[in-house]
Amino acid sequence: MKKNIQDILTEALRTAVETLYADRIHAREVPVEFSLAGGFGDLSNNTALRLSGLLKEAPLSVATRIAQEINANPGDQLKECLKEAKAEGAGFINFYLRNEYFYERLNDILSPAKTFAGSTQGEGSAVLIEFVSANPTGPLSVAHARQAVVGDVLANILARLGNSVAREYYLNDEGNQITILGESVQARLEELDGKTAEFPENYYQGEYIYDIARQAKKEKIKSEEMGDFAARVILEVIRKELDDFGVRFDCWYSQKELRESGKIQEALDALKEKGFLYEQDGALWFKSTSFGDDKDRVVIKSDGTYTYLAPDIAYHREKYNRNFKWLINLWGPDHHGYIARLKAAVQAQGKDPESLSVIIVQLASIFKEGKPLEMSTRKGQYITLREVLDEIGTDAARFFFLMRRTQSHLAFDLETAKKQTSENPVYYVQYAYARMRSILRNRTAPHLAREKASLELLKEPEEMALVKKLWQFDFMLQVCFKTLDPYMLTVYLQETAEKFHKFYDRHRVLGQDEGLTNARLSLVEATQVVLAAGLDLLGISKPEEM
């Protein structure tokens, strides 16, 4: 049986539309998408709603005719899977699948020879995800931490779906912020030497500046080298924090090296040859309005220095030159207005602007003892990633930073993240996994072969609810792919854990007759496989016992 049920249903829908409305609609042009039906069937489709306007017919009437046609002529493949198609609600077509389909799906999960994430998206695509990319001017904040885990988990999901994924950190290791960093350290160094030093408001004021000053004094760093020295020290701190957070990069790409290589000028020369640069008021401008931007942008200022856009143009040119086909950038909300000009630069270089995806990751707020902790990089009044890790650990931090859509502001309380109760979602999920491991360790008949399990014995509502939830794993990964947001995976794992706890609390697994015991052990083992895969994608540990 072909396992990709969405492909089977798509073909059935288009065949039905062609049969019913061939004189008015070309069935192959009908967009077909599915969602989980939420209590009405197993999968839902809104094709009838899309067609009703074209057909001048009520959506429910269209849905009813299509559902009846599919039920009457399902085809051989769908006949094995489908119990019934129903027109319901405002005009949705909901599909109710046979239990036999789910039993076979359960066997797929248990089969070591198969990957149960059977749906691939962009298989073989070379994808470069650039994320965090915080300036090396201070420790990582919780905003950077959220970007870090979102990018890391998204990379894991894309790789599981068949893409070739590389992770990259773009290091802005030169420019005015590095100059100010060096001046900040130099001023603190003078204070340590007992001198009175001017310390403007725009200097970096965190305690870490004193630490760097002490190290610079010990190593006798010259004042003109202070900025680069401080950036190197902070970069090592950032690397260690990310490593402890479970986030590792394939490449740390230096802007300083990019400039010194001459590639920024090469990129600008290439655009100039194409006629996309012009001079005005002593500056060099990029004709970004030719590619949908709201105004042209300066790339070289009248004083001869580059704007931020110039190295970004060259950097993205380099990404394509390294044979990446799909570029994904994770940025903070203050960069939203920058998207149009960068996509314009990509298009000006002859690339499809859709090959660049920019994900805006909203800020995160942390509460402690009911009070929000304020963040300000320059003033040093912000909670760092290190503080969060020390307070709640890597597992809880990774999970909590993913518990809202990336486009939504995130707020969570450190006290909740430390609780070892069902109030703490990561504890709840890990406890379910540990519970499964305990059951499988203590089974009284380890000789029972799972491939011989009679899965049709699984008929109780809690059993089938869990079986169907396991089947939804692939669907959830597709949702994460389409939205470029790993948030739904955390929701899915919590729901799976809930279904498992409910099943286990109401039904004995061990001590039944051999057939039912084996079937339920197979269900527990399949749940453990799926939960393990989800936790691995999130980069969260799988405890054997709790």
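This is a predicted model: local features need pLDDT of at least 70, side-chain atom pairs count only at pLDDT 80 or more; totals for chains, interfaces and linings use all residues.
Residues are numbered from 1 along each chain as its sequence is written, and side-chain values use heavy atoms, with hydrogens and water left out.

**Overall make-up**

The protein has 19 helices and 15 strands, where helices (H or I, at least four residues) and strands (E, at least two) are DSSP runs numbered from the N terminus. Its C-alpha trace spans about 85 × 60 × 40 Å along the principal axes. Of the 546 residues, 53% count as buried, a term that stands for under 20% relative accessible area, with exposed meaning over 50% and partly exposed in between (1.4 Å probe, protein chains only). Among contacts (heavy atoms within 4.5 Å) with a separation of 6 or more, residues 24 or more positions apart account for 71%.

**The sheet β8-β9-β10**

Three strands form an open sheet in the order β8-β9-β10, with antiparallel pairing; two strands count as paired if DSSP finds at least two bridges between them. The edge strands, each pairing on one side only, are β8 (277-280) and β10 (297-300), and the twist averages 45° from one strand to the next. Strand β9 (residues 283-286) pairs with β10 over three bridges in the antiparallel sense, and Leu 284 has Ile 300 in β10 as its bridge partner. In general, strands of a sheet pair through backbone hydrogen bonds, either parallel or antiparallel.

Two helices that lie across strands of this sheet are set out below. Their angles run from 0 to 180 degrees between N-to-C directions, and the axes are lines fitted to C-alpha atoms, for helices over the stretch in contact.

| Helix | Lies across | Angle |
|---|---|---|
| α11 (residues 263-273) | β8, β9 and β10 | about 95° to β8 |
| α12 (residues 309-321) | β9 and β10 | about 80° to β10 |

**Ile 238 and its surroundings**

Ile 238 has its place in helix α9 (residues 226-244) and is buried, with a relative accessible area of 0%. Leaving aside residues up to four places away in sequence, Ile 238 touches Asn 135, Pro 136, Gly 138, Leu 140, Tyr 169 and Trp 252. Between Ile 238 and Pro 543 there are 305 residues in sequence and 28 Å in space, taken from C-alpha to C-alpha.
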